[in-house]
Amino acid sequence: MSGVKRKRNVLNVKQKLEILQKLHNGESASTDTEDVLNEGKTISHSAALQSVEALLDYMGQRGFDCDDITAVRKICVDIRQEMNKQQKQRRITDFLKQ
């Protein structure tokens with residue numbers, strides 16, 4: 001598998017800045033993020049979580065407003081909840097298959 005490249009679906013800088021601007025203006029950016037990431041492609045929860053955590057690190061280094069950071073942290077919580085929900089569903093499905 002060393003020669004196989006995985007295509008990553010991440011937000012580009014312009015898209016990230018647009019979402020951050022919406023967060024700064026008090027708007028919800030979660031649906032915009034989902035729309036951008038789902039344009040004919042999907043992204044794993046773990047990849048999304050990794051990207052959001054990297055964004056949090058960046059925001060902390062640049063001194064973003066606490067409200068903005070809190071909004072991004074909520075996105076992390078939402079992703080983790082969705083991951084847990086899907087994992088629970090997989091466990092139930094696997095149990096029922098036995």
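Biologist: What covers the buried residues of α4?
Modeller: The cover includes α1 and α3. Before going on, this is a predicted model, where local features need pLDDT of at least 70, side-chain atom pairs count only at pLDDT 80 or more, and totals for chains, interfaces and linings use all residues. Residues are numbered from 1 along each chain as its sequence is written, and side-chain values use heavy atoms, with hydrogens and water left out.

Biologist: Which residues of α4 are buried?
Modeller: D68, I69, V72, C76 and I79. Buried means under 20% relative accessible area, exposed means over 50%, and partly exposed is in between, with a 1.4 Å probe and protein chains only.

Biologist: And what counts as a helix here?
Modeller: A helix is a DSSP run of H or I with at least four residues, a strand is a run of E with at least two, and both are numbered from the N terminus. The chain has 4 helices and 0 strands. Along the sequence the pattern reads α-α-α-α.

Biologist: What span should α4 have, and what does the model give?
Modeller: With 32 residues at 1.5 Å a residue, α4 should span 46 Å, and its end C-alpha atoms are 46 Å apart, which agrees. The expected span is 1.5 Å times one less than the number of residues.

Biologist: How many residues does α3 have, and how far does it reach?
Modeller: α3 has 18 residues and reaches 26 Å from its first C-alpha to its last, close to the expected 26 Å. After α3 comes G63, with a positive phi near 75°.

Biologist: Which residues of α3 are buried, and what covers them?
Modeller: The buried ones are A47, A48, L49, V52, L56 and M59. Their cover includes α1 and α4.

Biologist: Which residues make up the largest nonpolar core?
Modeller: There are 12: I19, L20, L23, A48, L49, V52, L56, M59, I69, V72, C76 and I79. The elements giving two or more residues to this core are α1 (13–24), α3 (45–62) and α4 (66–97). α3 provides the largest share, 5 residues. A nonpolar core is a set of buried Ala, Val, Leu, Ile, Met, Phe, Trp, Tyr and Cys residues joined through side-chain atoms within 4.5 Å.

Biologist: Why would such side chains sit together?
Modeller: In soluble globular proteins, nonpolar side chains tend to be buried together.

Biologist: Take V72. Which residues does V72 touch?
Modeller: Not counting residues up to four places away in sequence, V72 touches L23, V52, L55, L56 and M59. Contact means heavy atoms within 4.5 Å. V72 lies in helix α4 and is buried, with a relative accessible area of 1%. Take L56 from that list: V72 and L56 are 16 residues apart in sequence and 6.9 Å apart in space, C-alpha to C-alpha.

Biologist: Changing topic: how many salt bridges are there?
Modeller: A search of the whole structure finds 3. A salt bridge is a side-chain nitrogen of Lys or Arg within 4 Å of a carboxyl oxygen of Asp or Glu.

Biologist: What about R80 and E53? How far apart are the closest N and O atoms?
Modeller: They are 2.6 Å apart. R80 in helix α4 and E53 in helix α3 are 27 residues apart, and the pair links distant parts of the chain. R80 is partly exposed at 37% relative accessible area, and E53 is partly exposed at 30%.

Biologist: And K74 with D78?
Modeller: Their side chains meet in a salt bridge at 3.1 Å, N to O. K74 and D78 are separated by about one helical turn because they are 4 residues apart in helix α4. An α-helix has 3.6 residues a turn, so residues three or four places apart point the same way.

Biologist: Where do E82 and K85 lie?
Modeller: Both lie in helix α4, 3 residues apart, about one turn of the helix. E82 is partly exposed at 26% relative accessibility, whereas K85 is exposed at 54%.

Biologist: Which residues form a nonpolar patch on the surface?
Modeller: I92, F95 and L96, with about 350 Å² of accessible area together. Patches are made of residues with over 30% relative accessible area and no salt bridge, with like charges joined within 9 Å and nonpolar side chains (Val, Leu, Ile, Met, Phe, Trp, Tyr) within 5 Å. Accessible areas come from the Shrake-Rupley method with a 1.4 Å probe, and for residues only the protein chains shown count as cover.

Biologist: Is F95 buried or exposed?
Modeller: F95 is exposed, with a relative accessible area of 60%. F95 is in helix α4.
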